[in-house]
Amino acid sequence: MLDFYYEPSEQELKDILKRDRDDDEKIRESVIKIMEDVKERGDEALFFYSKKFDSSDLDSLYVKEAEIEDSANKIPRELKDAIDQAAANIRAFHEKERAEGEVCETMPGVVCRRKIVPISKPGLYVPGGTAPLFSTVLMLAIPAKIAGCRDIMLATPCKNGSISPAILYSAKVAGVDRILKVGGAQAIAAFAYGTKSVEKRNKIFGPGNRFVSYAKIEASKNVSIDMLAGPSEVMVVADKDSNPLFIATDLLSQAEHGSDSQAMLAFIGSKEDAEIKRDEVYAEVNRLLNVLPRSPFMKESLSKSRIIAFSDTKRAMYAVNMYAPEHLIINTKNYNELLDMVESAGSVFLGPYSSESAGDYASGTNHTLPTSGFASSLSGVSLDSFIKKITVQELSKEGVKNIAKTVMTMAKAEGLEAHSLAMQVRL
């Protein structure tokens with residue numbers, strides 16, 4: 001559990017930070033078979049797989065409006081208030097992300113701009129397995145609504161004939177238009193290809209297990225996807241002043257997502273201080289594992305997790321950027337200085353009081369983030385994820401005179417005479 005390394009060499013560091021990527025060919029083949037079946041049989045296949053995988057003999061593929069309205073009566077007032085508060089914070093933050101189309105006159109008579117257009121038909125996937133992620137409904141549907149998407153469809157598995165009322169209530173609060181009672185690869189297939197009852201989506205969003213991830217890879221041949229989200233991960237950066245209980249709870253809150261999650265701790269300080277902090281964290285982790293209900297998931301996750309200690313801050317942050325964590329918690333005395341050194345992370349949590357769970361639920365930022373090192377090149381879901389930016393140009397007669405020589409010279413140099421002619425006839 002949480003193997004300890006101090007000042008690893010470059011090759012050792014690469015090995016320590018390397019993620020286990022199980023390429024399960026059997027799962028891949030199963031997913032492709034399911035998706036091909038949905039493509040061929042449509043609704044009939046969706047009903048079949050709902051019964052086979054989710055023990056639900058559906059009479060309709062969609063949640064009825066009355067069920068959504070009634071969801072508010074099936075959850076405690078305290079939870080409704082929490083969902084409402086989280087939604088308000090998420091809405092407030094994502095409202096600030098609104099884009100405005102730029103306008104630029106590159107030369108007299110040549111005007112270029114960008115037109116902002118919402119994706120009209122997004123498909124949002126929300127897992128409903130060991131933990132029904134109603135928070136993900138808010139994270140996906142709220143920015144979609146703010147962006148102006150007009151047909152927001154959510155898919156989530158209907159387990160044993162029912163969907164979590166918290167998911168239904170969150171969908172109502174966030175402004176989801178329709179809820180498809182289908183999960184797994186079959187839901188992704190319905191989004192990607194369309195059926196008689198499910199109109200094909202323009203883009204697919206949301207996390208999921210390996211079946212869903214493989215399905216999104218397959219779907220990406222036919223439709224856009226946000227990213228491959230999962231398994232979940234966190235890296236905590238700490239020093240000798242960091243509270244070991246805070247560290248332990250941050251590691252465990254990530255580990256409880258599932259047995260394939262990973263929780264990493266990067267310590268900055270001397271070997272003596274690192275070993276003291278390691279032992280303090282071990283003690284807190286072991287104590288909490290005895291009382292937390294999802295400890296079986298946590299223990300397996302922690303077996304793949306690591307503590308890496310460095311005497312040099314720059315090398316520690318080099319390791320952080322190499323790992324490119326989904327969640328990065330900087331719990332050190334000089335956390336703002338370290339933030340300046342961050343180049344690759346999905347979302348950053350600063351200081352001792354910024355737990356990763358705040359961002360997962362209610363601070364306002366989005367929790368749908370790149371994993372598996374993709375934070376080195378991708379951003380998490382935001383308002384930008386739900387819009388398209390279309391470039392527009394308009395030339396006047398003056399603009400043609402000013403730009404014609406440049407265009408014609410370049411077109412002829414590339415051997416594209418019709419391009420040159422299209423400009424010449426306008427002179």
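Before two helices can be compared, each needs an axis: a line fitted to C-alpha atoms over the stretch in contact, with angles running from 0 to 180 degrees between N-to-C directions. Keep in mind that this is a predicted model.

**Helices side by side**

With that idea in hand, look at helix α5 (residues 77-95) and α6: they pack at an angle of about 40 degrees, and their axes are 10 Å apart. Because of that angle, α5 counts as oblique to α6. The crossing of the two is right-handed. On the α5 side, the contact is made by Leu-79, Ile-83, Ala-86, Ala-87, Ile-90, Arg-91, His-94 and Glu-95, while α6 brings Phe-134, Leu-138, Met-139, Ile-142, Pro-143 and Ile-146. Sorted by class, this contact has 11 nonpolar, one polar and two charged residues.

Helix α6 (residues 134-147) also packs against helix α7 (residues 165-174), at about 15 degrees and with axes 9 Å apart. Phe-134, Val-137, Leu-138, Ala-141, Ile-142 and Lys-145 of α6 meet Ala-166, Ile-167, Ser-170, Ala-171 and Ala-174 of α7. The contact of α6 with α7 has nine nonpolar, one polar and one charged residues.

A further pair is helix α2 (residues 25-41) with α8, at about 45 degrees and with axes 9 Å apart. This angle therefore makes α2 oblique to α8. α2 passes α8 in a right-handed crossing. From α2 come Val-31, Ile-34, Met-35, Val-38 and Lys-39, and they meet Ala-185, Gln-186, Ile-188, Ala-189, Ala-190 and Tyr-193 in α8. The residues of this contact divide into nine nonpolar, one polar and one charged.

| Helix pair | Angle | Axis distance |
|---|---|---|
| α5 and α6 | about 40 degrees | 10 Å |
| α6 and α7 | about 15 degrees | 9 Å |
| α2 and α8 | about 45 degrees | 9 Å |

**The parallel sheet**

In which order do the five strands of the open parallel sheet lie? The order is β6-β5-β4-β7-β8. At the edges are β6 (178-180) and β8 (224-225), each of which pairs on one side only. Strand β7 (residues 203-205) and β8 pair in the parallel sense over two bridges; Lys-203 has Ser-224 in β8 as its bridge partner.

**The antiparallel sheet**

Three strands form another open sheet, in the order β2-β3-β14, with antiparallel pairing. Its edge strands, β2 (103-107) and β14 (387-395), each pair on one side only. On average, neighbouring strands here are turned by 25 degrees against each other, direction ignored. Four bridges join β2 to strand β3 (residues 110-118), and Met-107 has Val-110 in β3 as its bridge partner.

**A pair of rings**

How many aromatic pairs does a search of the whole structure find? There are four. One of them is formed by Tyr-49 and Phe-53, which are stacked, at 5.6 Å centre to centre and 5 degrees between the planes. Both residues lie in helix α3 (residues 43-54), four residues apart, or about one turn of the helix.

Terms used: Residues numbered from 1 in each chain as written. Predicted model: local features only at pLDDT ≥ 70, side-chain atom pairs only at ≥ 80, totals over all residues. Heavy atoms only, no water. Pairing = 2+ DSSP bridges. Parallel < 35°, antiparallel > 145°, perpendicular 65-115°, else oblique. Left-handed = near helix turned anticlockwise from the far one by under 90°. Contact = heavy atoms within 4.5 Å. Nonpolar A, V, L, I, M, F, W, Y, C, P; charged D, E, K, R; others polar. Phe/Tyr/Trp six-rings, centres within 6.5 Å; stacked < 30°, edge-to-face > 60°.
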